[in-house]
Amino acid sequence: MSNNEATRTTDGTTPPTDEIEALIGSVGEQIENGQLPVSILHNEAVYEQERRRIFGRNWVFVGHETEIPEPGDYRQRYIGTDPFIFVRDENSEIQVLFNSCRHRGSKVCRSEKGNSSHFRCPYHGWTYTTSGDLVGVPQQRNAYQHLDTADHGLHEAPRVESYHGLVFAALDSNAPSLEASLGDATWYLDMYVKFIDMEVIGDPHRWEVETDWKTPAENFAGDNYHIPMGHKSAIDAGIGSDTATGEKQSDLYAIAEASGHSFSLYQIESEEPSFWGHPPEVVDGFHPERLSDEQYEVARKSGVTLGTIFPNLSFIHLGGTNTPEKESVGTFVLRQWQPKGPGRMEVWNWILAPENASDAYKERVYESGMGTFSASGNFEVDDIAIWNGITEAAGSVFAEQHGTTTNFTMGRFGDAAPERVPDWPGPGEVYVHGGLTDENQLTFYRSWYDAMQEEPDR
Amino acid sequence: MNGDTEHARRSACEEFLYHEAHLLDDRRVSEWFDLVTEDIDYRVPVRTTRERSAEDEFSDQSYHLKEDHESLRVRIERLENDFAWSENPPSRNRRFVSNVAVLGVDDAEIDVRCNLLVHRSHEDETSPDLLSAERRDTLRRTDDRLRLAARTVLLDHTVLPTNSLSIIL
């Protein structure tokens with residue numbers, strides 16, 4: 001987007017372009033010193049540019065293939081704040097269609113999910129197939145003979161690709177391939193979605209929160225320093241991961257700079273395989289042949305692992321439980337931090353289980369995921385209560401006037417705690433004692449800074 | 001209990017529902033927990049926007065809460081911890097319970113339906129979170145009093161308009 005092109009905000013005003021560019025520039029100037037101008041977490045002009053430069057250009061998660069298993073199955077989804085239909089068409093192909101009639105723009109799909117052979121606009125009745133083709137125009141013979149229906153199908157997201165079940169879309173037709181964009185992150189993602197055939201259980205949790213989408217994306221990128229304080233109440237209650245409760249000893253590896261994405265991996269050194277707490281009968285259904293020996297070994301030792309795929313998809317694969325009396329299970333929770341306005345987001349939260357596990361095991365996976373990370377999750381509720389406070393400070397005049405920054409210098413400038421691991425088998429910059437470094441979070445904000453340039457960097 | 005008059009039965013249910021709402025509003029969650037049975041089944045299913053013809057808007061797989069006695073105990077224990085930041089400082093909650101109707105009755109249990117409106121505020125907020133729902137409860141006659149044996153909370157929300165569900169509905 002060029003400088004002189006007016007960018008309209010949600011209230012119709014034009015933001016002061018120079019000031020936004022200066023604020024974005026100040027992130028670039030300070031981030032390598034571990035300082036982040038906090039105003040970017042609650043600023044209308046920044047938010048409006050994020051909608052365009054981040055959600056309008058990058059690959060954004062849309063849904064998991066198992067959410068629409070049958071032809072005609074659909075779910076309404078959003079790319080940034082734009083409405084799309086995530087649908088499996090009659091030929092079993094996955095489509096991501098712009099949810100807006102080509103005639104006057106109304107939503108052609110108004111149900112959150114379902115199964116349908118067609119989408120019919122409620123305004124004048126234009127009707128589309130699940131592939132988006134326009135196949136019905138009332139009064140076509142009398143008034144629309146001139147209309148080239150082949151040229152009036154529903155618009156599609158220009159780029160749609162799946163990475164082993166995780167479907168992403170990009171609004172920018174010039175975006176690099178999904179695999180190129182995930183880059184080094186695939187080495188880590190493979191351990192969850194390639195090694196294991198995962199299945200979404202039911203419908204995502206959705207709730208709206210007064211927190212900027214970047215705050216949880218940053219947190220899941222690798223803020224392992226907050227766990228003893230932020231989650232003390234849940235840990236005291238004996239729940240969550242076996243590593244957090246001290247049930248198992250582990251080393252924490254922070255993986256920064258995995259092509260702009262970040263991961264944290266708790267590794268349990270033991271003869272006994274860990275596999276995120278999945279029991280042997282479930283692990284039997286995994287696919288070691290799809291991993292390298294190095295990936296398999298990391299998976300074998302994995303306690304909790306978590307991460308953020310830029311921009312707004314995070315996950316946690318947690319070996320743990322929602323009550324100390326019940327057996328630990330491996331729970332995989334995908335979460336998307338959807339922008340909903342400056343300093344506001346909607347959380348989308350999916351719980352996944354290995355497809356070939358028993359129904360009883362899947363139920364335990366669900367309960368354990370819901371009891372830890374969801375709107376009622378005993379871990380999540382305390383995160384959000386804390387994050388809301390950041391939003392208030394970020395929106396302050398004081399922060400704007402004084403360029404207030406927040407601190408990302410842990411383990412830097414001579415502090416020895418986090419050690420670079422030279423012989424780690426996977427890609428990225430890897431640190432052991434990973435709870436004592438901010439490099440993962442800095443990776444997230446570097447990706448943000450790069451993505452927020454006026455011209456895409458490609 | 002079949003011998004009770006319809007009016008007396010409904011009054012007993014109302015008395016129970018108002019009493020437990022009062023305990024929860026007052027943050028006396030441990031006392032509230034004494035009112036649930038050991039085999040409590042407490043659920044808040046996820047709701048989705050569906051076409052009118054769809055069978056059900058409520059999921060039978062996905063829940064905001066799906067609790068038994070043990071998992072409720074964990075939640076209550078956590079809420080009483082000073083480090084439970086979502087409720088310290090606590091949210092202020094007022095439960096409005098209305099439209100109480102007895103749906104069915106046998107010797108041991110009464111099925112009862114009511115409407116629930118929770119007025120919830122935090123810190124300096126002036127516009128409250130409003131949570132609206134129908135409750136389907138099973139109340140069981142025990143030696144000394146009625147207790148809650150099952151509760152399903154059918155929310156009027158697909159996207160929850162509150163920061164977290166760190167309260168009992």
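**Helices, sheets and single residues**

Analyst: In chain A, the residues A:Lys214, A:Ala217, A:Glu218, A:Ala221 and A:Gly222 of H6(A) are in contact with A:Asn440, A:Gln441, A:Phe444, A:Tyr445 and A:Trp448 of H14(A). Please keep in mind that this is a predicted model.

User: At what angle do H6(A) and H14(A) pack, and how far apart are their axes?

Analyst: The general idea is that two packed helices are described by the angle between their axes and the distance between the axes. Here helix H6 (residues 214-222) and helix H14 (residues 439-451) of chain A pack at about 135 degrees, and their axes are 7 Å apart. An angle over 145 degrees would count as roughly antiparallel, and 65 to 115 as roughly perpendicular. H6(A) and H14(A) are therefore oblique to each other. Their crossing is right-handed.

User: How should I read the cover of a helix, for example H3(B): how many of its residues are buried?

Analyst: A residue counts as buried when its relative accessible area is under 20%. Helix H3 (residues 69-79) of chain B is mostly covered, with 8 of its 11 residues buried. These are B:His69, B:Glu70, B:Ser71, B:Leu72, B:Val74, B:Arg75, B:Ile76 and B:Arg78.

User: What covers the buried residues of H3(B)?

Analyst: Elements of both chains take part. From chain A, the cover includes helix H8 (232-236), helix H11 (359-372) and helix H12 (380-394). From chain B, it includes helix H2 (29-33), strand E1 (36-47) and strand E2 (58-67).

User: Which residue caps the N-terminal end of H3(B)?

Analyst: B:Asp68 does, with a side-chain oxygen 3.2 Å from the backbone nitrogen of B:Glu70.

User: Now the sheets. What is the strand order in the open sheet that contains E2, E11 and E10 of chain A?

Analyst: Strands of a sheet pair through backbone hydrogen bonds, either parallel or antiparallel. This sheet of 3 strands has the order E2-E11-E10 in chain A, and its pairing is antiparallel. Strand E2 (60-64) and strand E10 (159-163) of chain A are the edge strands, each pairing on one side only. From one strand to the next, the twist averages 30 degrees. Helix H5 (residues 185-193) of chain A packs on the sheet, where it touches E10 and E11 of chain A. The direction of H5(A) makes about 65 degrees with that of E10(A).

User: How many bridges join E10(A) to E11(A)?

Analyst: E10(A) and strand E11 (residues 166-170) of chain A pair over 5 bridges in the antiparallel sense. Within E11(A), A:Val167 stands opposite A:Ser162.

User: Let us turn to chain B. How many bridges join E4(B) to E5(B)?

Analyst: E4(B) and E5(B) run antiparallel and are joined by 12 bridges. One bridge partner pair is B:Arg120 with B:Asp129 in E5(B). E5(B) also pairs with E6(B), in the antiparallel sense over 9 bridges. A hairpin of 4 residues joins E5(B) to E6(B).

User: Is B:Asp124 buried or exposed?

Analyst: Over 50% relative accessible area counts as exposed. B:Asp124 has 74%, so this residue is exposed. B:Asp124 is found in the loop between strand E4 (109-121) and strand E5 (129-141) of chain B. Its C-alpha atom is separated by 32 Å from that of B:Thr48, 76 residues apart along the chain.

User: And B:Arg147, is that residue buried or exposed?

Analyst: B:Arg147, in strand E6 (residues 146-155) of chain B, counts as buried at 18% relative accessibility. Its side chain has a polar atom 2.4 Å from the backbone oxygen of B:Asp34. The side chain of B:Arg147 also makes a polar contact with the side chain of B:Asp144, at 3.0 Å. Among the residues that B:Arg147 touches are B:Phe16, B:Leu35 and B:Thr138.

Terms used
Residues are numbered from 1 along each chain as its sequence is written. Chains are lettered from A and ligands numbered from 1 in the order in which they are written. This is a predicted model: local features need pLDDT of at least 70, side-chain atom pairs count only at pLDDT 80 or more; totals for chains, interfaces and linings use all residues. Side-chain values use heavy atoms; hydrogens and water are left out. Buried means under 20% relative accessible area, exposed over 50%, partly exposed in between (1.4 Å probe, protein chains only). Helices (H or I, at least four residues) and strands (E, at least two) are DSSP runs, numbered from the N terminus. Contact means heavy atoms within 4.5 Å. A polar contact is a pair of N or O atoms within 3.5 Å; within protein, one must be able to donate a hydrogen and the other to accept it, and residues adjacent in sequence count only if both atoms are side-chain atoms. Two strands pair if DSSP finds at least two bridges between them. Axes are lines fitted to C-alpha atoms, for helices over the stretch in contact, and angles run from 0 to 180 degrees between N-to-C directions. Angles under 35 degrees count as roughly parallel, over 145 as roughly antiparallel, 65 to 115 as roughly perpendicular and the rest as oblique. A crossing is left-handed if the near helix is turned anticlockwise from the far one by less than a right angle, and right-handed if clockwise. Lists of a residue's contacts leave out its neighbours within four places in sequence.
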